[in-house]
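The following note sets out some points for the colleague who is reviewing this model. Each point may be checked against the sequence and the coordinates shown here.

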Amino acid sequence: MSLYGMMRTGSSGMNAQASRLSTVADNIANAGTTGYKAASTEFSSLLLPSVSGNYNSGAVETDIRYGISNQGALQYTSSATDLAINGNGFFVVEDPSGVPYMTRAGSFVPNGDGELVNAGGYKLLGYPYTSDEPTPVVNGYAGLEPVKITSDGLVATPSSFGQFFSNLDASAEVVDPALLPADGSDETTEYTHKTSIKAFDTLGNEVLYDVYFSKTDENMWQMAIFNAAGRDETTGSFPYATDSLVVDPIDIEFDPVTGKLTDASEALATVVLPAAADGGLVPNMVELSLDFTELTQLSYDFTVRASVNGNAPSEVEQIQVAEDGIVYAQYENGDLVPMYRLAMATVQSPDELRVISGNVYAQSNDSGIVILGFPNSNGMGSIVSGALENSTVDIAEELTRMIESQRTYTANSKVFQTGSDLMDVLVNLKR
């Protein structure tokens, strides 16, 4: 073994422990950083070829690793925009230049434009809600935009689509709906079930529709929809004013075995309420499509559940984020309107992601490709609103590593010093 080789080995050991101490320093400094993943220094030996009777000392190599896949403990807060991920996956964010990254740091607050920004200055991204539910682009960031939770002034959205879920009592008696009068006459009409649904016109006014179901025969029903503005003030029902019948009565049939609509009736169960003409009962109403395809006829009480889009004039009061990543705007009138659905990203090897300042990660050659999806689906974790993920740093463990590295560094320095002393002896032999 050459003396120079021994000194180089000691120097390598000191450099390796210096790297380890650097990761310990970073970890301790970021012990309170939201979503921070502790770094560690791993060692591997570097051996040099040796000949018989002569050993060549090698060195030590270091590899810095981050435990990105480790879950940190959740700490609950009072802010609805503080978000944490319980399980796998990353938030998708972008920097001021629009470059997308991944992060677990969910301490988001709205900026001056209402966009959610975390402590690193990165904007949270999601898929905007339109008339249809958003769908993720599996292998790319297309379609994502910054989540903006404030509105400019009052917002009124007219209703254009609604879904109706109801069970009609199969044991109900057959009735005769006659002509379902809507001409102001005194004729009364029998019906089996009645309910009402609320919609909004272009000015944000509430518009009520009365929905009647009349059992006309075994497994046969008739459905009719009236504008509630034409109700008789005394009875609160029939007779209705002229032009109150929004659509002509529809005859529907149920399968006697399954209790679901037959194929022919299912084709009739999506009802389009036309936009009202000027001077009508609802002159500002847009075309409204109501989906009744989920109707059933079972021997059970009449139950009903309906959802119709649109909202009255109101400002956004606060937001709510569900476990599945849907961001709802809660208006002053109490309405909840879905605005975005948060995207969630993952890779095949999270620990191999490239770490970037600001507690964000980018794809690397060893991490695998980025796959996008939604929370609570395809192995992705769920969103926890009002919580933050703590750093995975264990202070006690880091201090132990610090002492261990200090002692090892000192031992390597002794090896270097011994080699230097032996070199002095060798040089002085000539004297």
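**Notes on a predicted model**

1. Ile369 is exposed, as its relative accessible area is 53%, and exposed here denotes a value over 50%. The model is a predicted one. Ile369 lies in the loop that connects strand 27 (360-362) with strand 28 (371-373).

2. Ile369 also belongs to a nonpolar surface patch, together with Val138 and Ile371. The accessible area of these three residues together is about 250 Å².

3. Strand 18 (residues 288-291) is covered on both faces. Leu288 and Leu290 are buried on one side, and Ser289 and Asp291 are buried on the other.

4. Which strands pair with strand 18, and in what sense? Strand 12 (residues 161-169) pairs with strand 18 in the parallel sense, over 3 bridges; here Gly162 stands opposite Leu290. Strand 17 (residues 270-273) runs antiparallel to strand 18 and is joined to it by 4 bridges, with Leu273 as the bridge partner of Leu288.

5. A further point concerns an open sheet of 4 strands, in the order 13-14-15-16, with antiparallel pairing. Strand 13 (193-200) and strand 16 (245-253) each have a single partner strand and therefore form the edges, with one side of each left without a neighbour in the sheet. From one strand to the next, the twist averages 20°.

6. Within this sheet, strand 13 is joined to strand 14 (residues 206-217) by 8 bridges in the antiparallel sense. Ser196 has Asp210, in strand 14, as its bridge partner.

Methods: Residues are numbered from 1 along each chain as its sequence is written. This is a predicted model: local features need pLDDT of at least 70, side-chain atom pairs count only at pLDDT 80 or more; totals for chains, interfaces and linings use all residues. Side-chain values use heavy atoms; hydrogens and water are left out. Patches are made of residues with over 30% relative accessible area and no salt bridge: like charges are joined within 9 Å, nonpolar side chains (Val, Leu, Ile, Met, Phe, Trp, Tyr) within 5 Å. Accessible areas come from the Shrake-Rupley method with a 1.4 Å probe; for residues, only the protein chains shown count as cover. A salt bridge is a side-chain nitrogen of Lys or Arg within 4 Å of a carboxyl oxygen of Asp or Glu. Helices (H or I, at least four residues) and strands (E, at least two) are DSSP runs, numbered from the N terminus. Buried means under 20% relative accessible area, exposed over 50%, partly exposed in between (1.4 Å probe, protein chains only). Two strands pair if DSSP finds at least two bridges between them. Axes are lines fitted to C-alpha atoms, for helices over the stretch in contact, and angles run from 0 to 180 degrees between N-to-C directions.
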